[in-house]
Amino acid sequence: MDNLDWNQLKAFLETAETGSLSAAARKLGLTQPTLSRQVAAIEQRMGVTLFERVGKTMALTPTGLDLLEHARAMGAAAAALRLAASGRSQAVGGVV
């Protein structure tokens, strides 16, 4: 498997979290066709089916469920990286 594309992984994660391409696209600030292409691309790149399309909803396959926690961990790591890069701390500070 080639290196994963972070945008495609975010598309997978948000679609899994919302259960809908439209809702995920709105949250990510993308169009639905763009998000759909990203989900299809990560499925093709990984050689697996992550979702079953059921009407307008996206149901995770068993493989998608297996990979979801890994994607969540990557998302949390990316958020921590952004926080560290911004120089901010989550610690409460100030004069008491």
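Author: Gladly! Helices here are DSSP runs of H or I with at least four residues, strands are runs of E with at least two, and both are numbered from the N terminus. By that rule, the protein chain has four helices and two strands, and their order along the sequence is α-α-α-β-β-α. Please keep in mind that this is a predicted model, where local features need pLDDT of at least 70, side-chain atom pairs count only at pLDDT 80 or more, and totals for chains, interfaces and linings use all residues. Residues are numbered from 1 along each chain as its sequence is written, and side-chain values use heavy atoms, with hydrogens and water left out.

Reader: Why is alanine 25 called buried?

Author: Buried means under 20% relative accessible area, exposed over 50%, and partly exposed in between, with a 1.4 Å probe and protein chains only. Alanine 25, in helix H2, has a relative accessible area of 3%, so it is buried. Across the protein chain, buried residues make up 29% of the 96 residues.

Reader: And what makes glutamate 14 buried or exposed?

Author: Glutamate 14 belongs to helix H1. Its relative accessible area is 16%, so it counts as buried.

Reader: Which residues does glutamate 14 contact, leaving aside its neighbours within four places in sequence?

Author: Contact means heavy atoms within 4.5 Å. On that test, glutamate 14 is in contact with Ala24, Lys27 and Leu28, leaving aside neighbours within four places in sequence. With the same exclusion, threonine 15 has contacts to Ser20, Leu21, Ala24, Leu35, Val39, Phe51 and Met58. Threonine 15 also lies in H1, and its relative accessible area is 0%, so it is buried.

Reader: How do you know that phenylalanine 12 and phenylalanine 51 form an aromatic pair, and what kind is it?

Author: Rings of Phe, Tyr and Trp (its six-membered ring) pair if their centres lie within 6.5 Å; planes under 30 degrees apart count as stacked, over 60 as edge-to-face and the rest as tilted. For phenylalanine 12 and phenylalanine 51, the centres are 5.6 Å apart and the planes make 55°, which gives a tilted pair. The structure holds one aromatic pair. Phenylalanine 12 sits in helix H1 and phenylalanine 51 in strand S1 (residues 51-54), so the pair ties together parts that are 39 residues apart in sequence.

Reader: What makes a set of residues a nonpolar core?

Author: The members must be buried Ala, Val, Leu, Ile, Met, Phe, Trp, Tyr or Cys residues, joined through side-chain atoms within 4.5 Å. The largest such core has 16 residues, and Phe12, Leu35 and Phe51 touch the most other members. At least two residues come from each of H1 (6-18), H2 (21-28), H3 (32-46) and H4 (62-86), with H1 giving the most, five.

Reader: How are H1 and H4 packed?

Author: Axes are lines fitted to C-alpha atoms over the stretch in contact, with angles from 0 to 180 degrees between N-to-C directions. The axes of H1 and H4 are 10 Å apart, at an angle of about 115°. Residues in this packing include Trp6, Leu9 and Phe12 from H1, and Gly64, Leu67 and Leu68 from H4.
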